[in-house]
Amino acid sequence: MDKKVMFRFYTIADYLEEERFLRKQHQSGYRFVKMILPGIYVFEKCLKEDMIYQLDFYDGKASDLDSYMKMFNDCGWEYCGDCNNWKYFRNYFKKWNKRKI
């Protein structure tokens, strides 16, 4: 499978910009696979789809992680990775009801 690796540096305050960056990559045919500190993004070739990405910071208890992940899943968000307590989720823009969790 074709992969693409890019370097981008975002601070904690830039998470909305990072979400837009991930969406743009997916729209151009590369879906997010993982992020490796200090800002290395790995993508793999996919269909060009309009996917919206949401980043969420989770610093809760490990024992509560299953219910946290279930909440996102129940709302239609696909878990696609994490880095430094940030969880990465995506959803089809057409299915997204303009409501973030």
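**A strand and its surroundings**

Of the 7 residues of β4, 6 are buried (under 20% relative accessible area; over 50% is exposed, in between is partly exposed; 1.4 Å probe, protein chains only). So β4 is largely enclosed by the rest of the structure. The model is predicted: local features need pLDDT of at least 70, side-chain atom pairs need 80 or more, and totals for chains, interfaces and linings use all residues. Numbering runs from 1 along each chain as its sequence is written, and side-chain values use heavy atoms, without hydrogens or water. Helices (H or I, at least four residues) and strands (E, at least two) are DSSP runs numbered from the N terminus.

Start with the strand's partner. β4 pairs with β6 (residues 86-92) in the antiparallel sense, over 7 bridges (DSSP must find at least two for strands to pair). Within this pairing, D56 stands opposite K87 of β6. K87 is buried, at 10% relative accessible area. Its side chain forms a salt bridge with D82 (a Lys or Arg side-chain nitrogen within 4 Å of an Asp or Glu carboxyl oxygen). The closest N and O atoms of D82 and K87 are 3.8 Å apart. D82 is partly exposed, at 39%.

D50 and R23 meet in a salt bridge, 2.8 Å from N to O. D50 lies in the loop between β3 (40-45) and β4 (51-57), while R23 belongs to helix α1 (residues 15-27), so the bridge ties together parts 27 residues apart in sequence. Both ends are partly exposed: D50 at 29%, R23 at 23%.

Buried in α1 are E18, E19, F21, L22, Q25 and H26. These residues cover an arc of only 160° around the axis (taken from the directions to the C-beta atoms), which puts them on the same side of α1. On the other side, R20 and K24 are exposed. After α1 comes G29, whose phi is positive, near 100°.

Next, the rings. Rings of Phe, Tyr and Trp (its six-membered ring) pair when their centres lie within 6.5 Å; planes under 30 degrees apart are stacked, over 60 edge-to-face, and the rest tilted. The count comes to 16 aromatic pairs. Y41 and F43 are stacked, because their centres are 6.5 Å apart and their planes lie at 20°. Y41 is buried at 1%, and F43 is buried at 0%. Ring pairs join Y10, F21, F32, Y41, F43, Y53 and Y88 into a cluster. F21 is also one of the buried residues of α1.

Back to charge, then. The whole structure holds 5 salt bridges. One of them joins K70 and D74, at 2.8 Å from N to O. Both residues sit in helix α2 (residues 65-74), 4 residues apart, about one turn of the helix. An α-helix has 3.6 residues a turn, so residues three or four places apart point the same way. K70 is partly exposed at 47%; D74 is exposed at 51%.
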